[in-house]
Amino acid sequence: GVGECAERRRRRRSEWPAMERAWGGAAPRADREVHWPIISPKIALAATQLGQKDGTLFTLAGALTPPECAALVQATAAAGFDAQGSRGPAAGEAVRSCGRLAVVDAPFARALWKALHKAILAALPAAARDDAVGLNPNVRVYRYAPGDVFKLHYDDSDAIDDRHATRYTLLLYLTPCGGGETRFFAEAGPRRAPKLVAAVAPTPGLALLHVHGDACLPHEGARVTAGEKVVLRSDVVFKKRR
């Protein structure tokens, strides 16, 4: 219930003082137009369950082809990136540095869902499959240069409307790089070192999905040491249960 959610957030602040919420940054730019490439449908992809292997954290290999990754990198670079920072832990925000492109594009979100939904649904917990309806039209692309980082944080759920909300983060890696792993940790409690649950290296075409909101595992984007990490993010939208 609401009280349990509030208690969970309070406990996180006391047990994990370095962990803050992800700051979404400025609102999506209305003056940006991205000429998205066509993404081909993917029916059967190799799913790797991570962590508790219960469908709440998994990867999908081959979600994008190498030409699709290259075309997405080119299209988003042409549209341009803004600097993404944060106001820091004092403002309850995780430390972050990267470039950011954010647009609201419902047609592209629908096309991406059409291409990937069969593979995503097959990897989700059985109880969640009937409620998944699409992707968040707020599409974000992040570009991390050497030295850029996204420190320990959790992802919030977003209400799309009165009947729908996001429950899973979808990350699509577009480029390889040195460092830059997405690392997930178990909430170990006060005075205990965090326990690494999984580390996902940026691999072009790989999709990473993880549950977010109150059940989100603490995670971080490790510092990029070489090359450039470009990753596309949306969220899986679900019907709210009554």
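**Close-up views of a predicted model**

**View 1. Surroundings of Leu172.** Leaving aside neighbours within four places in sequence, Leu172 is in contact (heavy atoms within 4.5 Å) with Ala63, Leu64, Leu112, Leu116, Leu206, Ala207, Val230, Val231 and Leu232. This is a predicted model, in which local features need pLDDT of at least 70 and side-chain atom pairs count only at pLDDT 80 or more, whereas totals for chains, interfaces and linings use all residues. Residues are numbered from 1 along each chain as its sequence is written, and side-chain values use heavy atoms, with hydrogens and water left out.

**View 2. The largest nonpolar core.** This core, a set of buried Ala, Val, Leu, Ile, Met, Phe, Trp, Tyr and Cys residues joined through side-chain atoms within 4.5 Å, has 41 residues, and those with the most contacts inside it are Trp36, Leu60, Leu172, Leu209 and Leu232. Helix 3 (residues 106–123) gives the most to this core, with nine residues; helices (H or I, at least four residues) and strands (E, at least two) are DSSP runs numbered from the N terminus. Another core, of 17 residues, lies apart from it and includes Cys98, Phe184, Val200 and Leu208.

**View 3. Strand 7 and its partners.** Arg143 is the bridge partner of Gly99, and in strand 16 the bridge partner of Arg143 is Val230.

Note on methods. Two strands pair if DSSP finds at least two bridges between them. Buried means under 20% relative accessible area, exposed over 50%, partly exposed in between (1.4 Å probe, protein chains only).
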